[in-house]
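Subject: Structure for you to look at

Hello,

Here is the structure I said I would pass on.

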Amino acid sequence: MIFARAQLKGLDISTSDTAPESASTPPEPSSAPSPTNPFGVPIPAEPATAAPVEPPAAPYVPPTAPPTPAAPPFEPAIATAPATHVAPPFESAATAAAPVAPSFEPAAPAPAPVAPTSAPASAGWAAPTAPANPIAPGAAAPAAPTTPIAPGFPPPGADPALAPPEKKKRKWGWIIAVILLALGLITVGIILILSLIRLGEAQELIGDQKEQIQEQEDVIEEKESFSSAMNELMATAHLFDGLPYGDIVPLDRYQNLATGAWEHRWDPATVALDTVEVQAETADLNAVLTAAQEQAATNASGTNYETVIDQLGSGYVTSAFDDPDTLCESDVLGCVMWDDPYTIHFDQADGYHESMNDWIRTGVAYHEYAHVLQGTNLDESDLAAEAFGGDWETMADCYVFTYLPGWTLDHTVFVGDGSYWEVSVGYGYTCNESQRQSIRDWVASIGVQVDTITQ
Ligand SMILES: [Zn+2]
């Protein structure tokens, strides 16, 4: 069926076969087509009479009457819930301008509704063409005022004395205060931990330094101990100065000890061992001194031999009455073993035969003592022996000639009833003065010469 419907003049009129069958259907202002009757003749639309009662008609009034009182009630409604109230007016705005205009007012910055003074048509189309609100129909409402306000809350600028905002501020204030307090405590804790770490590091460093200092003190202490021991040893050695026994003070061994201690100077434990060795050497020298003093002060054998030897040797040479024939593999009055040059072995039976007297025994003792000097000064003796063709026996005899005035090799020993003994001792050669000077030079070159020990 087709309905013809007359439109208000001035507007476009069109007909359609699909017009609504019943006039009771509320005409859609947006559909626009005008109904026609089946005869194609325009008929004054019956609804025209009913138009005043149709819902669209009412919204249409505001455009024609600007100061309509309906606008203010719309403003708060749109401001509080724009999404729910905008859609219907927007739909109608596409077809009929009347209801749309007020609904889009909130989109504009100005709170006022669509300008009621403009023409209705322009007001109805303002919303779709507004560039600032490309929002589809039915979508969320255009941006509300800067701060969304829940329904029932006063708009911005309302009375600030209202309670809710103050509570929020207090709550946030407490939260911020708690956060700041927590941050402060964390900072203090970190500073405390760092301080403890640094304190621990400092204590460790101090401990290391103390250990190093202790090690250095140990080194210094051991070095001082060694130096003290060495000084004592050398002082003891000087007591032997002038003695004719060059090897009685082992200076080479002392020098090795001093050199070794210098090499061990950073090893306190080893230096301590060096110190012990030095102290042992000192003890040995003191033992020799003590024995010599006892030896020189006593004559255990009661013999002339021992008396002469103690005088010559100052107690450092021992007179032994044993079996020199066996020891030296010859029938002798006495002999000296090169491995023990400080001991003279006398044949007591031969020495105290009636053919012997103290004078001859004295010469024999001098001869044997010359061997002691040879054995304790080998290098110098070997050089001096050159004056005697390398013969250490004629050299020993010459020592007797040099230091025992009146000595001869041949002796006559009377035995009482006019009988006597012709005694010849030594090796049958009386050295000349030149050789005797050689003996003097030799004796002057031998003996203890304690030099300074260097490290
Ligand atoms: Zn001899």
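What follows is a short account of what was found in it, starting with the whole chain and then going through the elements.

The model is predicted, and local features were taken only at pLDDT of at least 70, side-chain atom pairs only at pLDDT 80 or more, while totals for chains, interfaces and linings use all residues. Residues are numbered from 1 along each chain as its sequence is written.

Overall

The protein has 16 helices and five strands; these are DSSP runs numbered from the N terminus, with helices being H or I of at least four residues and strands E of at least two. Of its 455 residues, 26% count as buried. Buried here is 20 or more other C-beta atoms within 10 Å of the residue's own, exposed is 12 or fewer, and partly exposed is in between, with C-beta atoms placed from the backbone. Among contacts with a separation of 6 or more, 64% are between residues 24 or more positions apart; two residues are in contact if their C-beta atoms, placed from the backbone, lie within 7 Å.

The three-stranded sheet

Three strands make an open sheet with mixed pairing, in the order S1-S3-S2. Strands count as paired if DSSP finds at least two bridges between them. S1 (318–321) and S2 (334–336) are the edge strands, each with a single partner, so one side of each has no neighbour in the sheet. On average, neighbouring strands of this sheet are turned by 25° against each other, direction ignored. S2 pairs with S3 (residues 343–346) in the antiparallel sense over three bridges, and Cys-335 has His-345 in S3 as its bridge partner. Helix H13 (residues 358–376) lies across S2 and S3 and runs at about 10° to S2.

Axes are lines fitted to C-alpha atoms, for helices over the stretch in contact, and angles run from 0 to 180 degrees between N-to-C directions. Angles under 35 degrees count as roughly parallel, over 145 as roughly antiparallel, 65 to 115 as roughly perpendicular, and the rest as oblique.

The axes of H10 (residues 304–313) and H13 come within 9 Å and cross at roughly 45°, so the two helices are oblique to each other. The crossing of H10 with H13 is right-handed; a crossing is right-handed if the near helix is turned clockwise from the far one by less than a right angle, and left-handed if anticlockwise. The residues of H10 in this contact include Tyr-305, Val-308 and Leu-312, and those of H13 include Arg-361, Ala-365 and Tyr-369. By class, this contact of H10 with H13 has seven nonpolar, three polar and two charged residues. Ala, Val, Leu, Ile, Met, Phe, Trp, Tyr, Cys and Pro count as nonpolar, Asp, Glu, Lys and Arg as charged, and the others, Gly among them, as polar.

H13 also meets H15: their axes come within 8 Å and cross at roughly 120°, which makes H13 oblique to H15. This crossing is right-handed too. Tyr-366, His-367 and His-371 are among the H13 residues in the contact, and Trp-392, Tyr-399 and Tyr-403 are among those of H15. The contact of H13 with H15 has seven nonpolar, four polar and one charged residues.

H15 and H16

The axes of H15 (residues 392–403) and H16 (residues 433–445) come within 9 Å and cross at roughly 90°, so H15 is roughly perpendicular to H16. Cys-398, Tyr-399, Phe-401 and Thr-402 in H15 face Gln-435, Arg-436, Ile-439 and Arg-440 in H16 across this contact. Its classes are four nonpolar, two polar and two charged residues.

The hairpin

S4 (residues 410–414) and S5 (residues 420–424) run antiparallel and are joined by five bridges. Val-413 stands opposite Trp-421 in S5. Five residues lie between the two strands of the hairpin, and Gly-416 takes a positive phi near 120°.

Two backbone exceptions

Most residues other than glycine have a negative phi. Ser-314, in the loop between H10 and S1, has a positive phi of about 55°. Ser-314 counts as partly exposed because it has 16 C-beta neighbours inside 10 Å. Glu-329, in the loop between H11 (324–328) and S2, has a positive phi of about 60°. With 9 other C-beta atoms within 10 Å, Glu-329 is exposed.

Regards
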